[in-house]
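Thanks for asking me to look this one over. Here are my notes, with the cut-offs given as they come up.

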Amino acid sequence: MAIPLSTFLSFPSSPPSPPFLHPQKPKITAFPTHLPIPFKPSTFSLNPRPKTPKKMLTTPLAAATDLSLVQQAIKLVQSSPPTWQSSLLSNLLIFILGSPILVSGLSLSGIAAAFLLGTLTWRAFGPSGFFLVASYFVIGTAATKVKMAQKEAQGVAEKRKGRRGPGSVIGSSAAGCVCAVLSIYRIGGKAFSPLWLLGFVASFCTKLSDTVSSEIGKAYGRTTYLVTTFKVVPRGTEGAVSVEGTLAGLLASILLASVGCLMGNIKPSEAIICVVASQIANLGESFIGAEFQGKEGFKWLNNDAVNIINISLGSILAVLMQQLILQK
């Protein structure tokens, strides 16, 4: 009988191998769930691009609404004759755009008073009347700023670096505001409308001439004379005049009357009347300042009160001269 070979080749028994040397084979099913989910090319990239935010698209309805509001605002500003709404909107837009110039020449309360004046002017006389007042303000502010340091050193400069307050605004525009109200409510009918416009232009020609003559005279006047006695007095004295200031005031009045003529507010013959009336009124204002301002019993007669008298006189003279001279 044959003996198996394994009998001669027997080895001593060895300890069993550790379990990790005999890993179990995973069970494979028809639908494996242990495998990781593959990456989609659309959501993963080695160089991912930053996501751009989606643009907010304006709906056609919103765009149409905005366009409609703009068109309504433009039609409102172009209203002819002007309405209170169009005057308020136009004045607001101009004040926003011109705020740097306004701040340089007016205090905050002065700007508020000027806003009321601008709205009233646009309502009564439209853009041409408003442009006349704007021209007056720009020229008058520029004249006030001339040699400001020298005027301050001499004690004759306007307060607040020349920034006018509400009292100055009202004192400079009272007569013009009265003419505007008369025009708005058609006092005297259609025949008187040109007269109210003439009085309006004449009042601002008078005030600009007064402002420029005073400021230029204080800056460049070599010799100043008291208008009642022609005695030499210091610069800035109430009722004092100088050759330099008087000529500058005359040129300023001619310039503003020319603006009114070019804008169609007045005729060339009426522009001449405005210039003449302004010079007569300024002479009367100097006389009042020299004789009464600051004197006993006339403490109420300050600069603003004198300004109201001055521009009212210029406005009334222009209307009377138009009726007495041009009508004949």
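This is a predicted model: local features need pLDDT of at least 70, side-chain atom pairs count only at pLDDT 80 or more; totals for chains, interfaces and linings use all residues.

1. Residues are numbered from 1 along each chain as its sequence is written, and side-chain values use heavy atoms, without hydrogens and water.

2. Helix H9 covers residues 243–262; helices (H or I, at least four residues) and strands (E, at least two) are DSSP runs numbered from the N terminus. The 20 residues of H9 should span 28 Å at 1.5 Å a residue, and its end C-alpha atoms are 29 Å apart, which agrees. The expected span is 1.5 Å times one less than the number of residues.

3. Which residues of H9 are buried? They are Gly245, Ala248, Gly249, Ala252, Ser253, Leu256, Ala257, Val259 and Gly260. These cover an arc of only 170 degrees around the axis, so they lie on the same side of H9; the arc is taken from the directions from the helix axis to the C-beta atoms. Buried means under 20% relative accessible area, exposed over 50%, and partly exposed in between (1.4 Å probe, protein chains only).

4. The face of H9 turned away from the buried side carries exposed Val243, Leu247, Leu251 and Leu262.

5. Just after H9, Gly264 has a positive phi of about 85 degrees. Lys147, not a glycine, also has a positive phi, about 50 degrees, and lies in the loop between H5 and helix H6 (148–154).
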